[in-house]
Amino acid sequence: HLAILWERAGMTIASSANFLRGTASGYATGLADGRADAIDKLDGFREAMGEKPAERLIEYCVLGMTTAEIARKDGAKERDMAPVLHQHLRDCARHFRFMGKSS
């Protein structure tokens, strides 16, 4: 769900300049409803999760990094990172209301 929202919000696009071009260039002006909705749903995600957990969730869910890769990047062992990512995923699911109310 996080990866889908991230893509719909246009976060995976290298530059948001494409969305700022006028109609003369062949690009529509304004924000598409789907993109605006995704941005609204992502609003507060990083704050609710915390900077480091949000970074790890983006690496895992959006960028497709493995637990081992994230552990190496953070200077940890994979076996230590797995339960950390598991808790981050649970917190993310709770944030997006897949597991009841957000904390």
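Q: Is Arg97 buried or exposed?
A: Arg97 is exposed, at a relative accessible area of 58%. Exposed means over 50%, buried under 20% and partly exposed in between, with a 1.4 Å probe and protein chains only. This is a predicted model, where local features need pLDDT of at least 70, side-chain atom pairs count only at pLDDT 80 or more, and totals for chains, interfaces and linings use all residues. Residues are numbered from 1 along each chain as its sequence is written, and side-chain values use heavy atoms, leaving out hydrogens and water.

Q: Where is Arg97 found, and what about its phi?
A: Arg97 follows H6 and has a positive phi, near 65 degrees, although Arg97 is not a glycine. Most residues other than glycine have a negative phi.

Q: OK, on to H6: which residues are buried there?
A: Those are Met81, Leu85, His88, Cys92, Ala93 and His95. They cover an arc of only 145 degrees around the axis, so they sit on the same side of H6. The arc is that of the directions from the helix axis to the C-beta atoms. Helices are DSSP runs (H or I, at least four residues), numbered from the N terminus.

Q: And which exposed residues are on the face turned away?
A: Arg79 and Pro83.

Q: Switching to cysteines, how many disulfides are there?
A: The count is zero, taking a disulfide as a pair of cysteine sulfur atoms within 2.5 Å. The sulfur of Cys61 is 5.9 Å from the closest cysteine sulfur, in Cys92, too far for a bond.

Q: What's the accessibility of Cys61?
A: Cys61 is partly exposed, at 28% relative accessibility, while Cys92 is buried, with a relative accessible area of 7%.

Note on methods
Helix = DSSP H or I, 4+ residues; strand = E, 2+ residues; numbered from the N terminus.
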